[in-house]
Amino acid sequence: MAPAAPAVPTAAVKSGRDSNFKDKEKSGSVRNSNIVAAKAVADAVRTSLGPRGMDKMIQSGNGDVTITNDGATILNQMSVIHPTAKMLVELSKAQDIEAGDGTTTVVVIAGALLDAAQKLLVKGIHPTAISESFQRAASQAEVILQNMATPIDLANDELLVKLATTSLNSKVVSQHSWLLAPMAVNAVKKVLDDSRPDNVDLKSIKIIKKMGDTVEESEMIDGALIDQKTMGRGGPTRVEKAKIALIQFQLSAPKTDMENQVIISDYAQMDRALKEERQYLLDLCKQIKKSGCNVVLIQKSILRDAVSELSLHFLAKMKIMVVKDIERDDIEFYSNILGCRPVASPDHMVPESLGSADLVEEISTGGDGKVIKVTGIQSSGPAVSILLRGSNKLVLEEADRSLHDALCVIRCLVKKRFLLPGGGAPEMEVACRLREKANERGGAEQYCWRAFADALELVPYTLAENAGLSPIHTVTELRTQHANGHANFGVNVRKGFVTDMKEENVVQPLLVSYNAIKQAAECVRSILKIDDIV
Amino acid sequence: MAGAAESILALTGKRTTGQSIRSQNVTAAVAIANIVKSSLGPVGLDKMLVDDVGDVIITNDGATILKQLEVEHPAGKVLVELAQLQDEEVGDGTTSVVIVAAELLKLADELVKNKLHPTTVINGYRLACKESVKYLNENLSFPVEELGRQSLVNAAKTSMSSKIIGPDSDFFSEMVVEATELVKVTDSATGKITYPIKAINVLKAHGKSARESMLIKGYALNCTVACQGMPLHIKDAKIACLDFSLQKAKMHLGISVVVEDPAKLEAIRREEFDIVKRRIEKILAAGANVILTSGGIDDLCLKMFTEAGAMAVRRCKKADLKRIAKATGATLTCSLANLEGEETFEASQLGHADEVAQERISDDELILIRGPKSRTASSIILRGANDTMLDEMERSVHDSLCVVRRVLESGRLVAGGGAVEAALNVYLEAFATTLSSREQLAVAEFAQALLVIPKTLSSNAARDATDLVAKLRAFHHKAQQNNKLAHLKWAGLDLENGEVRDNKECGVLEPAMSKVKSIKFATEAAITILRIDDLIKLDKEEPRGGDECGM
């Protein structure tokens, strides 16, 4: 969204000069069409909000089908054309990157704000005034959110699990949240870096998806998972007391450069050429063996074969397990988790660069699927692996996305250690307080603040609507409760009426709502400022 | 609203929302189920599938039928995947899982049309699924030991009964059970017993009748000896399994042979041959008299083997070699190189078998390895009148093998013939009345959906479905009401006579695991489809269009 904003005004100015024959209504209609397009996007994802939200099935041009509930994914797949609609897609992406969760909420809020802005425009309030009031309202909302938030201690596992559960509740895998939520919490806690206490690198949580079984069979491995097979050739598939080496050189015969050729002119040399190759590979393998290593992970190689038949044969004979095709991007992860140093040259194969683990084992995941499991790692860095199972590809992918969301939620908490009640409570609370504050303002701003407050109520409204409740009844009830000072009340979709969400353990991190309101307001402002499309 | 949004949203595609998409998905799913419906059960009929090249498949197996169909609709694809999943996980019950899933969807759609929110239906289904799996495990299954080996045979027979080999099920079920028992593997580390049925090599040979199929206690290899002069029969065989070619040595890329003197040419040629000759000598010196290789063997090398009186087989499949190596205790060798940089072949790398022989079966010749030393192995040679029939027999045998393995591994059985479904139906209906929320309706519909199995079974058998199912339910109601009549819970359909009988007694058995998984999978698939309220179909991307909508 940020890059879109500065580009727009300049374009608008330039074209304004060129197209002097256009009538004055142009800017109004452009704004209107922008708002309508953006609202359409928001409407499209609205039904997927909340624990009772529905899924979308998206069939892409080449026939691939995605079934998802995740706002960012839906918008990403939808390939909208309208430029302002694209801004909303970007908005949801930004939320995905920043908070990881609440991607639907942010779009719904933006849509509601645009709707409000449209009404204000009709009333004759200048777009700039609306835009500026919205900004002030948003910053006021932040203060309100901050006030109603309760600090949280990261040691409180139980609470963290509840948080992850709230995030998982709207997904297909919600019935497995008892399993996935603690998994997400443990995973994030494991990778928590003491030196950087307010951020978590989610890249050090490796999720490996394997078809087969049901989601219940998913597990977090206290160790590493490698999505590869062992190379076989009689080599071991199970190594106890493993010494693991991560190598970045190839175990195959060196190729001469294209122009160079080895010329043989005598039959005795033929035998030597063969022998030389054997000897070369044998030396490499021996060097590996000498360092005490018994599991070799080989980085994927583009230039030449990572391993040749012959070297595999040697390694198998030496009882060394070989895993090849480790992606270049994963090298850092594995070296981190296994506690080993990547070795770029055979000369650097020293015992110190090896990681050690109690057991390295190839396990079958049904069908042809196999993964390599490393457990009991000594001196393991902050990294974990999660093996995700699912009965079909669609469920599996959705489980992956949901788990990612849950991980992000926990990460949000690490970033900002405050909690809010869920179920639309924060939005309602902000709406109520803003309405009160609005009275202190004068002029158009009062109108704008009220409109802003009304727009936020769309979140609880939609929650109720998606759950099959009467939205008007629920929202008015909720408003009453908040007016009476019950700030933690929200829509309880399970029971079907308004209750204290904290007691129901429906909680969410502050950062998600905080970001959602802030980013939605900013996005709406930049849309409002556009008065011409060229 | 939807129509307006569509135009404003300016998608490069079509969007359908709300009830219409739900109905559309359900219709697609039901259409898929209708295709396979008539193939369910012992008296189910087969389908003939002709693909665009003209290949014909005649089958009764749900997964195979669906795999061949080119399903366009995304919801239909979910069902096809479901059948394939069941096929991979259990191997049997692929038709029933699709039928149940479609029925669940159909009834859910009705509920939604009657203004029950889809999420309520989903919750109800989940609850019902959990309850039924619990009830099935606690009350409707029994351990294999209760009936002994006969139960294995019966389970295999039940699985075959619907297939083309149904009439010969006595014969085949014995064969299948024996074959499975022969490949039993005990993991030395964990003590876990597994039955890798992939290790059972099923070969098809044209000719004779199905009853002439045979089980070989050993390994049947679909290859012939490389040269006529070789012995066709070797007793006390020492087998070398090689994973490289015995051909004239070729130099690597980047090494070129430049000969200036014509006299040297001959020397180089000889050397090329000598390199491989030395290898063969090493293998023969180790005592090998049967050489199996995945690569090729040169004519020159064949001569050496013939002279030594050894049997050499080329171009064996690698998977076959791996299994043979395991069974005979040989090491699959991919290079002769040893750790000193030289080439050697040791006697310890050889496998042993009582007998290796090439035998003629119909037009083809097969190599049979009998009595492997380190582990028992089994192969099945199927005989049949034509190819399509043989293919179907292979699929049927595969299904039965899966069933037997599941029974052996999980050790629990349930009665077949719609017994489980009827019992669960009666139980869930009683359970539904204990719920006071809206989920009650969904649970009751779940119960109703399960009845589709006995209903389809009886209508496929040209019996009065309503009548039979009512009788069946009455039996199960009695069994669940009255503890003294608990034995009635094994009541299932007898489709030949159109009666209800005790299916446990009559040996119509299925592995419990298959039933549990099929209920779970069907529910999961139905829920996946039910949760969808929006379908966005994007147009095919223009070939390298200018804008960046390609995602």
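Is Lys106(B) buried, partly exposed or exposed? With a relative accessible area of 35%, Lys106(B) is partly exposed, because that category covers values between the 20% limit for buried residues and the 50% limit for exposed ones. Keep in mind as you look around that this is a predicted model.

**Confidence in chain A**

One stretch calls for some care: over residues 1-22 of chain A, pLDDT stays under 50. For that stretch, the model has 16 contacts beyond four places in sequence.

**Chain B as a whole**

Now turn to chain B, which has 551 residues. Its secondary structure consists of 17 helices and 21 strands. Taken along the principal axes, the box filled by its C-alpha atoms is roughly 95 × 70 × 45 Å.

How much of chain B is buried? Buried residues make up 56% of the chain. The accessible surface of chain B comes to about 23,300 Å², and carbon and sulfur atoms account for 50% of that area.

Among the contacts in chain B with a separation of 6 or more, 72% are between residues 24 or more positions apart.

**A nonpolar patch on chain B**

Together with Val50(B) and Val56(B), Met48(B) makes a nonpolar surface patch of about 280 Å².

**Salt bridges within helices**

Over all chains, the structure holds 48 salt bridges.

| Salt bridge | N to O distance |
|---|---|
| Lys119(A) and Asp115(A) | 3.8 Å |
| Lys106(B) and Glu103(B) | 3.8 Å |
| Glu307(B) and Lys303(B) | 3.8 Å |

Lys119(A) is exposed, with a relative accessible area of 53%, whereas Asp115(A) is partly exposed at 26%.

Back to the lysine from the opening question. While Lys106(B) is partly exposed, Glu103(B) has a relative accessible area of 14%, so Glu103(B) is buried.

The remaining pair in the table is found in helix H10 (residues 299-308) of chain B. Because Glu307(B) and Lys303(B) are 4 residues apart there, about one helical turn separates them. Glu307(B) is exposed, with a relative accessible area of 60%, and Lys303(B) counts as exposed too, at 53%.

Salt bridges can also share partners, as chain A shows. In this way Arg435(A), Asp454(A), Glu457(A) and Arg479(A) are joined into one network.

Methods. Residues are numbered from 1 along each chain as its sequence is written. Chains are lettered from A and ligands numbered from 1 in the order in which they are written. This is a predicted model: local features need pLDDT of at least 70, side-chain atom pairs count only at pLDDT 80 or more; totals for chains, interfaces and linings use all residues. Side-chain values use heavy atoms; hydrogens and water are left out. Patches are made of residues with over 30% relative accessible area and no salt bridge: like charges are joined within 9 Å, nonpolar side chains (Val, Leu, Ile, Met, Phe, Trp, Tyr) within 5 Å. Accessible areas come from the Shrake-Rupley method with a 1.4 Å probe; for residues, only the protein chains shown count as cover. A salt bridge is a side-chain nitrogen of Lys or Arg within 4 Å of a carboxyl oxygen of Asp or Glu. pLDDT is the predictor's confidence in each residue, from 0 to 100. Contact means heavy atoms within 4.5 Å. Helices (H or I, at least four residues) and strands (E, at least two) are DSSP runs, numbered from the N terminus. Buried means under 20% relative accessible area, exposed over 50%, partly exposed in between (1.4 Å probe, protein chains only).
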